[in-house]
Amino acid sequence: MCGRARCTIRADDIPRACHRTDGSLRHVNMDGYRPSYNVGPGMNLPVVRRDDRANSGSGGEVVLHCMKWGLIPSFTKKTDKPDYFKMFNARSESVFEKASFRRLLPKSRCLVAVEGFYEWKKDGSKKQPFYIHFKDGRPLVFAALYDCWENSEGEKIYTFTILTTSSSSALKWLHDRMPVILGDKGSADTWLNDSKIDSLLKPYENSDLVWYPVTPAIGKLSFQGPECVKEVPLNTQEKNSISKFFSTREVKKEEESNTQKSSCDESVKTNLQKNLKEEPKSADDEEIPSSNEEGADDSKFSVPVPTSKDVGKCQIKRDYEEFSADTKPAKEEIEVSPAKKKGNIKGGSDKQPTLFSYFGRK
């Protein structure tokens with residue numbers, strides 16, 4: 001789906017963006033065009049279409065025409081209030097079937113040039129917008145259809161809709177739909193003039209399409225200016241959510257490693273405690289029983305009595321208690337160091353050059 005875009009291209013650069021460099025173009029309603037960083041349905045955008053005044057079959061004459069984004073079919077009642085959000089996109093899979101679009105395919109195809117478009121990633125109740133554009137800064141050209149509707153006051157209003165297709169393999173994580181992008185002059189010419197267009201209605205799979213997160217403030221059409229396309233950092237939760245999509249295997253491998261480490265640490269801890277609890281035996285004390293059993297009575301122990309007649313039974317008990325205390329494991333000896341926290345992975349992004357660098361403006 002494509003419902004927001006950036007189009008700050010100068011009016012005289014739009015024909016070149018659409019690969020139309022042969023001769024001058026007729027302009028229609030171009031005084032209504034206002035470059036914008038955040039354009040949406042109901043707003044004016046310039047499109048390139050075939051010139052209906054040209055001789056039939058010539059295929060070379062085109063018009064630069066400013067239209068409103070959001071198709072209003074010509075058969076709409078004149079008294080109806082136009083709803084530009086109802087048909088701002090058209091599914092390419094059904095344009096040959098639905099009457100609103102099928103009748104426009106033969107002679108009402110046009111090109112829409114923008115610098116990039118916005119798409120929102122849903123994460124529960126939250127939505128994070130991303131700005132998608134070409135890495136080298138050249139404009140994107142969308143396949144579109146247009147129509148003309150006359151209202152009750154006799155005013156003719158030209159409107160258009162952008163065709164969409166299934167998302168590319170690189171953008172499926174973001175959304176399941178994307179605009180039909182015409183990536184070169186050949187595909188743009190075919191869309192305007194040829195009858196066989198089925199091969200164009202497919203996802204754009206080239207690797208030169210890039211993206212980065214931008215401020216959620218662009219959700220409001222009143223939010224304008226360069227801040228719309230300024231990259232913003234994602235919070236930790238969003239980073240983890242997106243990184244999980246791209247590194248499922250790495251995360252799984254790390255979890256298995258952590259499990260093995262935890263099992264190993266637990267085994268070492270258990271063996272350490274067991275070994276420390278066992279009292280050392282020697283020829284002199286091998287008959288001394290363990291005193292770790294809770295509730296044991298000292299009178300039950302069979303402690304060997306030294307041969308010296310000067311040592312009493314009280315001295316024997318004291319020696320045994322000191323011996324038991326010495327054999328208890330110290331707290332520091334059985335603590336296992338906690339696992340280290342995994343550091344955040346910072347991702348870089350490609351900066352978009354200006355259109356002046358793309359067109360080589362003097």
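This is a predicted model: local features need pLDDT of at least 70, side-chain atom pairs count only at pLDDT 80 or more; totals for chains, interfaces and linings use all residues.
Reader: How many helices and strands does the protein chain have?

Author: The secondary structure of the protein chain comprises 8 helices and 13 strands. Of its 362 residues, 38% count as buried. Among contacts between residues at least 6 apart in sequence, 71% join residues at least 24 apart. The chain exposes about 22200 Å², and carbon and sulfur atoms supply 49% of that area.

Reader: How many cavities of 30 Å³ or more does the structure hold?

Author: Rolling a probe the size of a water molecule over the atoms shows where empty space is left. In this structure there are 2 cavities of 30 Å³ or more. The second largest cavity has a volume of about 40 Å³.

Reader: Which residues line the second largest cavity?

Author: The lining is formed by Phe117, Glu119, Ile132, Ser167, Leu171, Leu174, His175, Arg177 and Met178. By class, these are 5 nonpolar, 2 polar and 2 charged residues. Strands β8 (116–123) and β12 (177–179) each supply at least two residues of this lining.

Reader: Which side chain does Arg49 join through a polar contact of 3.0 Å?

Author: That partner is the side chain of His65. Leaving aside neighbours within four places in sequence, Arg49 is also in contact with other residues, including Arg26, Glu61, Arg109, Cys110, Tyr146 and Leu192.

Note on methods:
Residues are numbered from 1 along each chain as its sequence is written. Side-chain values use heavy atoms; hydrogens and water are left out. On a 1 Å grid over the protein atoms alone, a cavity is a set of points where a 1.4 Å probe fits but cannot get out, and a pocket is an open set with protein on both sides within 12 Å along at least five of seven lines; lining residues have an atom within 4 Å of a point. Grid points are joined across faces, edges and corners, and a volume is the space filled by probe spheres set on the points. Helices (H or I, at least four residues) and strands (E, at least two) are DSSP runs, numbered from the N terminus. Ala, Val, Leu, Ile, Met, Phe, Trp, Tyr, Cys and Pro count as nonpolar, Asp, Glu, Lys and Arg as charged, and the others, Gly among them, as polar. A polar contact is a pair of N or O atoms within 3.5 Å; within protein, one must be able to donate a hydrogen and the other to accept it, and residues adjacent in sequence count only if both atoms are side-chain atoms. Contact means heavy atoms within 4.5 Å. Buried means under 20% relative accessible area, exposed over 50%, partly exposed in between (1.4 Å probe, protein chains only). Accessible areas come from the Shrake-Rupley method with a 1.4 Å probe; for residues, only the protein chains shown count as cover.
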